[in-house]
Amino acid sequence: MSQQNDPNLLCNRFRGYYPVVIDVETAGFNAQTDALLEIAAVTLKMDEEGWLMPDQTLHFHVTPFEGANLEPAALEFNGITDPFSALRGAISEGEALSEIFKMVRKGQKAAGCNRSIIVAHNASFDQGFVNAAAERARLKRVPFHPFGSFDTAALSGLALGQTVLAKACRAAGIPFDNKEAHSALYDTQRTAELFCHIVNRWKALGGWPMATPSAEDD
């Protein structure tokens, strides 16, 4: 079977897109005005039989951009009490995204994919902050589709009857510790496991690879 027709290759599974799981922690809901404080990314890979699994991980604490708004309620929610503390080891938005984009482009090329796409829980939120931060940092080579994404909240609602990340993970048999939640690294890792579970479950049920229509069906 040629690579072009092999359904067990990542480049053929999502129409040439390379899925990358992202989670952000922020100082509010407005991507244009509120600070990005933490970001993690997990790339994915397929084994020879077409089962999806996590691959590489990057995680950064991020320094608020100059003039960024910091909502006290958001900081209390994610537990980042002092975004400017040196103990966080934070770096700039541009540095964090540059390293993540570098990893993503390398993985995308190795997988033979045409472009990358964000996978996230309530994906429009995370995607909005990634796009806004990339624009502020004037990063030209953004590997992700500008608005397309895979939203695990929607996928979990369909596949598991749950839309909250913790509840969806538990429904999928994935351990979830509420005490670790709202850390970008922890949430990204659990979201990656959840996405892989849904994709692999669909394959196990016979939904992938799709049946090829026979001549008799024409």
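**Entry 1: getting my bearings**

Helices (H or I, at least four residues) and strands (E, at least two) are DSSP runs, numbered from the N terminus. With that in hand, I looked up the secondary structure of the protein and found 7 helices and 5 strands. I am looking at a predicted model, in which local features need pLDDT of at least 70, side-chain atom pairs count only at pLDDT 80 or more, and totals for chains, interfaces and linings use all residues. Residues are numbered from 1 along each chain as its sequence is written, and side-chain values use heavy atoms, with hydrogens and water left out.

Next I read the order of the elements from the N terminus on: α-β-β-β-α-α-β-α-β-α-α-α.

**Entry 2: overall dimensions**

With 218 residues, a compact globule would come out near 17 Å, and the protein has 18 Å, which agrees. Along the principal axes, the C-alpha atoms fill a box of roughly 65 × 40 × 30 Å.

I noted an accessible surface of about 11700 Å², with 52% of it belonging to carbon and sulfur atoms. Accessible areas here come from the Shrake-Rupley method with a 1.4 Å probe, and for residues only the protein chains shown count as cover.

How many of the residues count as buried? I found 47% of the 218, where buried means under 20% relative accessible area, exposed over 50%, and partly exposed in between (1.4 Å probe, protein chains only).

I also checked contacts (heavy atoms within 4.5 Å). Among those in the protein with a separation of 6 or more, 69% are between residues 24 or more positions apart.

**Entry 3: the sheet**

In what order do the strands form the sheet? I read β3-β2-β1-β4-β5, an open sheet of 5 strands with mixed pairing. Two strands pair if DSSP finds at least two bridges between them. The edge strands are β3 and β5 (144–151), and each pairs on one side only. From one strand to the next, the twist averages 30°. Axes are lines fitted to C-alpha atoms, for helices over the stretch in contact, and angles run from 0 to 180 degrees between N-to-C directions.

Then I went through the pairs:

- β2 and β3 are antiparallel, over 8 bridges, and Leu44 has Pro54 in β3 as its bridge partner.
- β1 and β2 run antiparallel and are joined by 7 bridges; Val21 stands opposite Val42 in β2.
- β1 and β4 are parallel, over 5 bridges, and Val20 has Ile118 in β4 as a bridge partner.
- Val20 also has a bridge partner in β2, namely Thr43.
- β4 and β5 are parallel, over 4 bridges, with Ala120 opposite Asp151 in β5.

**Entry 4: what covers the strands**

I checked β1 and found 10 of its 10 residues buried. One side holds Tyr17, Pro19, Val21, Asp23 and Glu25, the other Tyr18, Val20, Ile22, Val24 and Thr26, and both faces are covered. In β2, 10 of the 11 residues are buried, so this strand is largely enclosed by the rest of the structure.

Helix α3 lies across β1, β2, β3, β4 and β5, and runs at about 160° to β3. Helix α5 (residues 152–160) packs on the sheet, touching β4 and β5, and its direction makes about 25° with that of β5.

**Entry 5: the cores**

A nonpolar core is a set of buried Ala, Val, Leu, Ile, Met, Phe, Trp, Tyr and Cys residues joined through side-chain atoms within 4.5 Å. Which residues touch the most other members of the largest one? Of its 41 residues, I noted Ile22, Ile39, Leu44, Leu52, Val130 and Phe144. The elements that each supply at least two residues of this core include β1 (17–26), β2 (36–46), α3 (93–111) and α7 (184–204). I also found a second, separate core of 11 residues, which includes Leu165, Ala168, Cys169 and Phe176.

Leaving aside neighbours within four places in sequence, Leu44 is in contact with residues including Leu10, Leu52, Pro54 and Phe195.

Last, I picked Ala123, found in helix α4. Is Ala123 buried or exposed? Ala123 is buried, with a relative accessible area of 1%. Not counting residues up to four places away in sequence, Ala123 touches Ser149, Phe150 and Asp151.

Key: The radius of gyration is taken over C-alpha atoms; the globule rule is 2.2 Å times the number of residues to the power 0.38.
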